[in-house]
Amino acid sequence: MLAPASMALRVFSDTDAQFLSSNSSNIETLGLLLAAGAFALIPNFLVSAVVALSEKMSFWTVWRGNHQPLLLNYAAVLPTGLAFAILWQAQPLSVVLTIVPLIAIRQSFEIATRLRHETEEALYALVRVLHERDGETADHSEREARYAEKIARRLGLTDDEIRVIVQAARLHDIGKVGVRDSVLRKAGPLTDEEWAEMTKHPVIGSDILNHLSLFRKGAKLVRHHHERYDGKGYPDGLKGEEIPLGSRIIAVADAFDAMTSDRPYRKGLPVDEALRRLAAEAGHQFDPVVVGTLIKIVSEELTEAGSESPAGEGPRLKAVGEDSA
């Protein structure tokens with residue numbers, strides 16, 4: 001990755017000597033800035049491009065999700081490197097005095113990046129454990145997030161909006177950490193007291209995420225993912241478009257995956273029956289536009305899967321994550 005940076009610097013180093021005689025300082029500074037920028041940004045762009053291609057995601061979605069939060073750190077590091085080069089030319093001994101602070105800055109940068117990643121993974125792992133507690137499969141939230149992403153993308157939302165929705169979908173049930181096992185795992189109807197406890201989990205989840213700056217944008221989506229389009233949901237009884245669009249998307253994705261997944265006490269419904277039930281609740285429990293979008297996506301996948309199935313095999317719903325809509 002040094003090659004692009006050295007090329008940028010060489011362009012300015014090889015500039016005509018007569019021109020440099022009057023503008024040497026400015027040219028060298030500009031060359032150093034471009035070299036530093038190339039060294040810092042090109043590897044990030046290349047890594048993001050590889051991930052985007054392998055995961056079949058938008059390049060900007062990948063880049064923003066992984067590097068945009070670190071732009072402030074980059075903005076601090078690049079001028080520091082430039083100052084280091086200028087000090088070396090002016091007084092080499094002064095560079096030695098800056099080594100310790102520079103090492104501290106780099107370690108702080110690495111610690112911040114690592115903590116961000118570990119916080120995300122810790123919360124996702126907690127949600128997987130919670131799903132196992134209440135009888136759902138550990139990857140329920142991952143599948144739901146993929147469905148939510150496909151719906152959001154088909155509805156034309158921006159990459160930033162999609163990223164927040166996917167993150168919230170993966171964490172939508174984190175509030176169940178505050179619900180007793182006896183309530184989560186109860187196969188029969190809940191008592192009024194148990195139901196009141198269960199309905200607190202979106203609020204608990206939202207409160208947890210509001211305390212974490214990385215997830216604060218999705219906290220509202222988590223709070224409202226059990227609202228109903230007709231206003232009979234919880235916790236706030238929001239109705240129609242009062243409910244955030246991300247929450248309406250998560251609600252439909254959640255219901256579809258829940259209906260089609262096996263549970264310890266029942267088998268999952270066939271896909272066509274799950275779609276029929278979603279359509280029956282469109283305008284009542286669910287946003288009709290979101291339901292219609294999911295039905296289109298799944299129907300297209302079933303049609304495509306049917307045309308690709310070997311002779312003698314029926315159509316298969318494409319596994320979530322095999323492509324992106």
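A crossing of two helices is left-handed if the near helix is turned anticlockwise from the far one by less than a right angle, and right-handed if clockwise. The model on screen is predicted, and local features need pLDDT of at least 70, side-chain atom pairs count only at pLDDT 80 or more, and totals for chains, interfaces and linings use all residues. Residues are numbered from 1 along each chain as its sequence is written, and side-chain values use heavy atoms, with hydrogens and water left out.

Select residues 140-154, helix α6, and residues 245-260, helix α12. Helices here are DSSP runs (H or I, at least four residues), numbered from the N terminus. The axes of α6 and α12 come within 8 Å and cross at roughly 130°. Axes are lines fitted to C-alpha atoms over the stretch in contact, and angles run from 0 to 180 degrees between N-to-C directions. The crossing of α6 and α12 is right-handed. Residues in contact (heavy atoms within 4.5 Å) include Tyr147 and Ile151 of α6 and Ile249 and Phe256 of α12.

In α12, Val252, Ala255, Phe256, Met259 and Thr260 meet Val271, Ala274, Leu275, Arg277 and Leu278 of α13.

Last, select residues 201-210, helix α10. Here His201, Pro202, Gly205, Ser206 and Leu209 are buried, meaning under 20% relative accessible area (1.4 Å probe, protein chains only). Look down the axis of α10: the buried residues fall within an arc of 135°, so they line one face of the helix. The arc is that of the directions from the helix axis to the C-beta atoms.

Technical notes
Helix = DSSP H or I, 4+ residues; strand = E, 2+ residues; numbered from the N terminus. Buried < 20%, exposed > 50% of the residue type's maximum accessible area, 1.4 Å probe, protein only.
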